[in-house]
Amino acid sequence: MKKHTIILLISFLSISFLSNAQLYKSALGLRLGLSNGITYKTFVKRNAAIEAIGTFRSRGFGLTGLYEVHGRAFNSRDFNWFIGGGGHVYVWGDNRPSYLDNNQRTVLGLDGILGLEAKLRNVPLAVSLDWKPAINIINYSNFLSDEIALSVRYTW
């Protein structure tokens, strides 16, 4: 009986811990890293958000969609950790990288994300640092582990 009580208590505390993760409702800003672009994030639950990222890399344009779970970091109301996953599509024109042939103008793949975010008090800005590994699956197979980026977003 004692074991069940402990499991129930840990579950309740975990849910409480996660339920207070939201620092804002929505945010739009810049993503700066190996690939630069724009990012839009909106919370769909207290501890879950969706993020859309549009980036430029290797003379192409990419769109990424992610589902992220957020939780408090450092026991502070100003910091969140987040982890999630999703997918991407990347498109090149005639000026594509030399490793792609004529049939490889569009690449599809899967993404992960792991990061830390801070919401500045009394200022409508959020700053995050994340690692976003990706694997291309369709039209060109490779693993990209070099996506580390700093995002600065206006929040509302």
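**Strand pairing, pocket and backbone of the predicted model**

Of the 156 residues of the chain, 40% count as buried (under 20% relative accessible area with a 1.4 Å probe and protein chains only; exposed is over 50%, and partly exposed lies in between). The structure is a predicted model, in which local features need pLDDT of at least 70 and side-chain atom pairs count only at pLDDT 80 or more, whereas totals for chains, interfaces and linings use all residues. Residues are numbered from 1 along each chain as its sequence is written, and side-chain values use heavy atoms, with hydrogens and water left out.

The average pLDDT (the predictor's confidence in each residue, from 0 to 100) is 87 for the chain, and 86% of the residues score at least 70. Residues 11-19 have a pLDDT below 50, and this stretch has nine contacts in the model beyond near neighbours in sequence (contact means heavy atoms within 4.5 Å). Among contacts in the chain with a separation of 6 or more, 50% are between residues 24 or more positions apart.

One helix and ten strands are present (DSSP runs numbered from the N terminus, with H or I over at least four residues for helices and E over at least two for strands). Their order along the sequence is α-β-β-β-β-β-β-β-β-β-β. Strands are taken to pair if DSSP finds at least two bridges between them. Strand β1 (residues 26-33) runs antiparallel to strand β2 (residues 36-45), with six bridges; R31 has G37 in β2 as its bridge partner. These two strands form a hairpin with two residues between them. Nine bridges connect β2 to the antiparallel strand β3 (residues 48-57), where A49 stands opposite F43. The hairpin of β2 and β3 also has two residues between the strands.

Strand β7 (residues 125-131) is joined to β6 by six bridges in an antiparallel arrangement, with K119 opposite A126. The hairpin of β6 and β7 has five residues between the strands, and N122 in this hairpin has a positive phi near 60 degrees. Seven bridges link β7 to strand β10 (residues 148-155), also antiparallel, and D130 is partnered by A149 in β10.

The largest pocket holds about 280 Å³ of space. A pocket is an open set of points on a 1 Å grid over the protein atoms alone, where a 1.4 Å probe fits, with protein on both sides within 12 Å along at least five of seven lines; lining residues have an atom within 4 Å of a point. Grid points are joined across faces, edges and corners, and the volume is the space filled by probe spheres set on the points. The lining comprises 19 residues, of which R57, H88, Y90, N136 and L144 lie nearest the centre. Two or more lining residues come from each of β3, β4 (60-72), β5 (79-92), β6 (106-119), β8 (134-138) and β9 (142-144); β5 gives the most, with three. By class, seven are nonpolar, eight polar and four charged (Ala, Val, Leu, Ile, Met, Phe, Trp, Tyr, Cys and Pro count as nonpolar, Asp, Glu, Lys and Arg as charged, and the others, Gly among them, as polar).

Most residues other than glycine have a negative phi. F74, in the loop between β4 and β5, has a positive phi of about 60 degrees and is exposed, with a relative accessible area of 61%. N139, in the loop between β8 and β9, has a positive phi near 80 degrees and is partly exposed, at 38% relative accessible area.
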